[in-house]
Amino acid sequence: MKIIDWPTFIGALFLILAVSIPLILFPEAGAVVVNMANEFMTETFGVVYLFVGLAAFVFLMYVAFSKNGKVKLGYEGEKKEFNTFSWAAMMFSAGIGSSILYWGMIEWAYYYQGPPFGLTPESPEAISWSTAYGIFHWGPMAWAIYTLPALPIAYFYYVRKQPVLKISEAVRPVLGKLVDTPIGVVIDVLFMFGLMGGAGTTLALGTPMIAAGVEDITGIPATLGMQVVIMMLCTAIFATSAYFGLKKGIKILSDINLWLTIFLLTFVFVMGPTLFISNTTFTSIGIILDNFFKMATWLEPFGNLAGFEKTNFPQKWTIFYWAWWVVYAPFVGLFVARISRGRTIQEMILGTMIYGTVGCMLFFGILGNFGLYLQLTGSFDVIGYMNEAGAPATIIAILHQLPLTKIIVPIFTVLAIIFLSTTFDSASFILAAVVQKRVESEPLRWNRLFWAFTLTLLPLVLMFIGGLETLQTASIVAGFPVIFIMFLLAWSFMKASNEDILASKDYDSPMIHIRRREEKILKQKKRKLHGD
Ligand code: NM2
């Protein structure tokens, strides 16, 4: 029990209970408050969220090509710990969960009906934007948000050789001794709250989709009760493996995941409209490149003022998305940093941004454009079905348009379950690690299980209240404080690496400089010891 960092543990638990319990007790009033919070945050601070996306992108591009980008994460001549394929696969599965199956399939349908820039719904322009926007929301800017926290963390791990498990430790170069005051605890608690909010959005979206798949396969209706059972089942799958310490279990799950994904995407690409998918995806790349900064900064400022009807597209989508990526970012940063030994900072930055974007583009291009094709050719009215039966059922109905449905629906459902379980696993691992003073090789078992079950609390409440905006609010509200942590993380990386680069001008690399400095300190200590 001594190993637990109680202030952080209790602080995070308190915060999540303080949000969940009133929502359980007063769901109707809760729904009103949640939607008000959503509106307030996105209207008032929308520009802040969009700024973070743009700033992260510009900052990482700068770092990648600056002298800081040349720093190697490890000793001179040290080999990369993982080859690039495994590295890319691992970082992708860490950062991406079941939501990509959900939004990859259906995001376009929302934009088709509610397009950006005041375009007419379902018009030809709306169609082009509807397939491009999803790729943008899962593109380089989003991945830049993910990579930012990895910079200081990886730098401390492999250059300064100070393993960082807490976000508060990663901002020590900026905050100094303040980290040892309650400010450090507040930073970790807010990071944990952010992650719980983000995971809440993920789990509350993923569970109804899995339930729709299970209904299709077994005929058991996807009621709310059924969804609760499914969420508990996903927790149980991973909890069992965590309990028995089956580290291999998760590794096997991730491998199965990779192969099932490759199978699913190839199947839809080949059996679906291959040419349409290729052409539309390629065209979308052009639309995004052409409008990258316009999309990144569009806030619909004139809206009602100029007598147009406000669409709230930026609030509903880009702002929500950046918030959602932000809440996951420190967590993904901890993971990406760990696997990047032997790479340069530049390789780490460009790798996440390029492979991450390409991976997401494959999901959106293939799954999304398959649905769009059905809609445009009139062979299946996706939009009509969605407005009647809701998005989760529509996702399964789209799969029914493929041959071999009896195989594809179960594969899709299993894939979603594994994606969801691995999100549970890694999120609870990190939550447990943050509330421990020391972590041997893994956080304590009970601690991990505790956070796994705590993680289900918020999504259960959100599902009960219902509505897409409610789910989005979890990430938007919880993400706001994390924005400031992101800023501190960027500053901290620049400060630490600039200091070392400056001090190492007599050496080949900051690494050597740091080693020499350590040797000097050690020698001084020894001398003192002898003197005493
Ligand atoms: N992001 C990538 O639910 C998930 O797939 C995890 C979602 C932030 C949009 C992350």
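**Close-up views of an all-chain predicted model**

**View 1**
Helix H17 (residues 391-399) has eight of its nine residues buried, so the rest of the structure largely encloses it. Buried means under 20% relative accessible area, exposed means over 50%, and partly exposed lies in between, with a 1.4 Å probe and protein chains only. Helices (H or I, at least four residues) and strands (E, at least two) are DSSP runs numbered from the N terminus. The model is predicted: local features need pLDDT of at least 70 and side-chain atom pairs count only at pLDDT 80 or more, while totals for chains, interfaces and linings use all residues. Residues are numbered from 1 along each chain as its sequence is written, and side-chain values use heavy atoms, with hydrogens and water left out. The buried residues of H17 are Ala391, Pro392, Thr394, Ile395, Ile396, Ala397, Ile398 and Leu399. They pack against helices H4 (99-113), H10 (182-218), H15 (345-377), H16 (382-389) and H18 (405-434), where contact means heavy atoms within 4.5 Å.

Leu404 lies in the loop between H17 and H18. Its phi is positive, about 55 degrees, although Leu404 is not a glycine.

**View 1. Helix H7 and the residue Lys161.**
In helix H7 (residues 150-159), ten of the ten residues are buried, so this helix is largely enclosed by the rest of the structure. H7 is followed by Lys161, which has a positive phi near 55 degrees.

**View 2. Ala37 in helix H2.**
Ala37 is found in helix H2 (residues 27-64). With 27% relative accessibility, Ala37 counts as partly exposed. Leaving aside residues up to four places away in sequence, Ala37 touches Thr473 and Val477. Between Ala37 and Ala150 there are 30 Å in space, C-alpha to C-alpha, and the two are 113 residues apart in sequence.

**View 3. Glu122 between H4 and H5.**
Glu122 sits in the loop between H4 and helix H5 (124-137). Glu122 is not a glycine, yet its phi is positive, at about 65 degrees. Its relative accessible area is 43%, which makes Glu122 partly exposed.

**View 4. Trp325 and the largest nonpolar core.**
The largest nonpolar core holds 180 residues, of which Leu101, Trp103, Ile106, Tyr321 and Trp325 touch the most other members. Such a core is a set of buried Ala, Val, Leu, Ile, Met, Phe, Trp, Tyr and Cys residues joined through side-chain atoms within 4.5 Å. Helix H14 (residues 313-339) gives the most to this core, with 19 residues. Not counting residues up to four places away in sequence, Trp325 touches Ile96, His137, Trp138, Ala142, Trp143, Ile145 and Tyr146.

**View 5. The chain as a setting for the close-ups.**
The chain has 21 helices and zero strands. Its C-alpha atoms fill a box of roughly 85 × 50 × 50 Å along the principal axes. Buried residues make up 56% of the 532 residues. Of the contacts in the chain with a separation of 6 or more, 82% join residues 24 or more positions apart.
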